[in-house]
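I opened the model to look up confidence, sheets, cores and a few single residues. My notes follow in the order I took them.

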Amino acid sequence: MMKPPIANAFFKHRALCSERRCSGSRWLAPRVLLCLAFLGIGVSHSYAVTSYNISLANPEQHLVQVQVILPEGSSERELQLPVWNALYQIRDFSQYVNWIRAKDRAGRPLTIRSINDSRWQVAGAQQGAIIEYEIFADSPGPFGAQLNSHHAFFNLAQILIYPVDARNQPMLVRFDQIPQSWHIATPLPADPDGRYIAETYDRLVDSPVEIGSFQESDFDESGARYRVIIDGEPADYDAETITSVLHKIVAAATSWMDDHPFSSYMFIYHFPHGPAGGGMEHSYSTAISLNADALARDPEILASVTAHEFFHLWNVKRIRPQTLEPVDYTKENFTRALWFSEGCTSTAADFIRLRAGLLDERHFEQELAADIGELQRRPARLRQSAEQSSLDAWLEGSPYYRRPERSVSYYNKGELLGILLDLDVREASHGKAGLREVFQWMNLNYAKKGRFFFDSDGVRQAADVVSHADLGSFFQNYVAGTDEIPWDDFFRVVGLHLVEAINTVADAGFTASRSFDAPMIVAEIAPGGPAELAGLQAGDTILEINGGPPGQDSAESVSALSPADTLTVKVLNRREGQRELKWKIGSREEVSYDLKDLDSVTPAQRAARAAWLKGEAQKPAAQ
Ligand SMILES: [Zn+2]
């Protein structure tokens, strides 16, 4: 996934049945068997189909009515609503459940009781049962569930409870009471009756659903069909340009991996004018939300986020760490692998954009240098390893945790480790392999064989095999360890070195950050500085910065200011209410980085760089 970048005021970051008349499973079974067989889903117990009806009758109130029809089974059945999905954060979706009740197929009430805050038990369900509940859905973005008068977008894990004993059985979903002129877009296959089918609950909730009056286009590439769904103001985007960019990304990525493990794939975009900026990966789709104004200013963000989310169809969805399987919807899945599953997905996305002609050498190296600066400015890099940062992902909702003294980002350090691992493999294999070969080996030896890799050891295994070398020290020092990274030792392979410069940058005098859909909170204020003198307090909620909403853009607008410029901040203070504060911002010195050619670049280094910039091996792969 790609979360909206954390906005930070100190420094700039780069970059969110109708079977209500159903008479029972005997009636349902033959039809379900038929359509599931048609879709190639092997179902030996076709009667074991859980069926959902999702009513969109109340968009103005953001209320979704859900009916779950359980087939015959044991008398006592447990039902679970996930506490997390998509984001590695416990979000307790049950907070939005207004009420829940149960009845049997004849409409007689059944007893349903809570086991904990996200799990229920229904009794007397041996002949099947109908569970009904109402859930509030107004969380915007690709990780959320939202029903309003404009559209509906569902991360289904946020709104659908599942029968614990049938999580791995096929499921059917129907959407009812859809406003006129709205259409449904989802990567799930539909049966002739308009019901959507999933082999399991996991597959069901891996399938986002957009319902509204969106714009749709499609294209074919290398034997697969790609559908593009766009929800936004037509004046805010050019569908042809977007489709052209997507086509280039798809062609570059599938050729880089020499694979496209599906026959169809769906891109879903939202371009709202409010806070946005993030993407969520799925096996057969991605949902991406970008602020329309940010997109107009910097159209390249679309390619950057899309290449990352698209590559996830391999890395994390199919090339998957064992520690994320099976998904535990009741609590955290702790994993040491996010530096690879997220960070190295960004590295692969860099190579894909380079190959697609959507990123040139200079911008690539500038982005790399900026990423290095982001890591080097975090004192926590000497204490928290990339693996530890992965394990600690679940703390990212905390403003304190996000401070530079406390944490490094597994996205940031992971992307850099991907670059360095690529260079290390190139050097060790004498140019015969790189990160591409690592990913292809993992795809063939894990994903295609239905196996999961064991975190960093699984990556190391692949790197050792394709380089015919022992890369243990790389993993020990920089992945599991916190050694300072000797950047020049790595970049020498391609004739580059890191150049430091001291810059005077604007200093707003405070740090404030936000987690994806939470408000921006002031975390720290420089003692005696102008922000403190103006009355800003830690814990204040920032409502506006210089007249604009806080978020990715406001962070950039602060960093774009010069020392002595006036900053106007509208804040909400717990005791004093809403206030507007103004002060002249100060300055401080900051180390920045650039990647430059070595004084003398050898022909061998030039050849290595040319291959590097395509993400390709320099010589035929070793057998
Ligand atoms: Zn990601």
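**Confidence first**

For the chain, I read a mean pLDDT of 90, with 90% of residues at 70 or more.

Ground rules, noted once: this is a predicted model, local features need pLDDT of at least 70, side-chain atom pairs count only at pLDDT 80 or more, and totals for chains, interfaces and linings use all residues. Residues are numbered from 1 along each chain as its sequence is written, and side-chain values use heavy atoms, with hydrogens and water left out.

I traced an open sheet of seven strands in the order 5-4-8-2-1-12-14, with mixed pairing. Strands here are DSSP runs of E, at least two residues, and helices are runs of H or I, at least four, both numbered from the N terminus. Two strands pair if DSSP finds at least two bridges between them.

Which strands stand at the edges? They are strand 5 (109-110) and strand 14 (196-198). Each has a single partner strand, so one side of each is left without a neighbour in the sheet.

I then checked strand 8 (residues 129-136). Seven of its eight residues are buried, so strand 8 is largely enclosed by the rest of the structure. Buried means under 20% relative accessible area, exposed over 50%, and partly exposed in between (1.4 Å probe, protein chains only). Strand 2 (residues 63-70) runs antiparallel to strand 8, joined by eight bridges. Q65 has E134 of strand 8 as its bridge partner. Strand 4 (residues 97-103) is also antiparallel to strand 8, over six bridges. There, V97 is partnered by I135.

Further along the sheet, strand 1 (residues 50-58) pairs with strand 12 (residues 171-176) in the parallel sense, over six bridges. S51 and L172 are bridge partners in this pair.

Next I looked up an open sheet of four strands, order 6-7-3-11, with antiparallel pairing. Strand 6 (112-116) and strand 11 (162-163) are its edges, each pairing on one side only. Two bridges hold the antiparallel pair of strand 3 (residues 77-80) and strand 11.

**Around strand 18**

Is strand 18 (residues 264-271) mostly covered or uncovered? Mostly covered: seven of its eight residues are buried. Strand 17 (residues 224-232) pairs with strand 18 in the parallel sense over eight bridges. G232 stands opposite F271 of strand 18. Strand 20 (residues 285-289) also runs parallel to strand 18, with five bridges between them. I288 of strand 20 is the bridge partner of Y269.

**Cores**

I looked for nonpolar cores, meaning sets of buried Ala, Val, Leu, Ile, Met, Phe, Trp, Tyr and Cys residues joined through side-chain atoms within 4.5 Å. The largest has 154 residues, and F154, F310 and W612 touch the most other members. Helix 3 (residues 239-257) gives the largest share, 10 residues. At least three residues come from each of domain 1 (18-213) and domain 2 (323-490 + 606-623), with bounds from an automatic or database domain assignment.

What does F154 contact beyond four places in sequence? Its partners include I54, L56, V64, F175, P208 and I211. A second, separate core has 19 residues, among them A508, A512, V522 and V558.

**Two single residues**

R353 sits in helix 6 (residues 338-355). R353 is buried, at 4% relative accessible area. Beyond four places in sequence, R353 touches A303, S304, A307, L358, L359 and E367.

V499 lies in strand 21 (residues 496-507). V499 is partly exposed, with a relative accessible area of 29%. V499 touches S592, Y593, D594 and K596, residues up to four places away not counted. I also took a C-alpha to C-alpha distance: V499 and D597 are 9.7 Å apart in space and 98 residues apart in sequence.

Methods
Contact means heavy atoms within 4.5 Å. pLDDT is the predictor's confidence in each residue, from 0 to 100.
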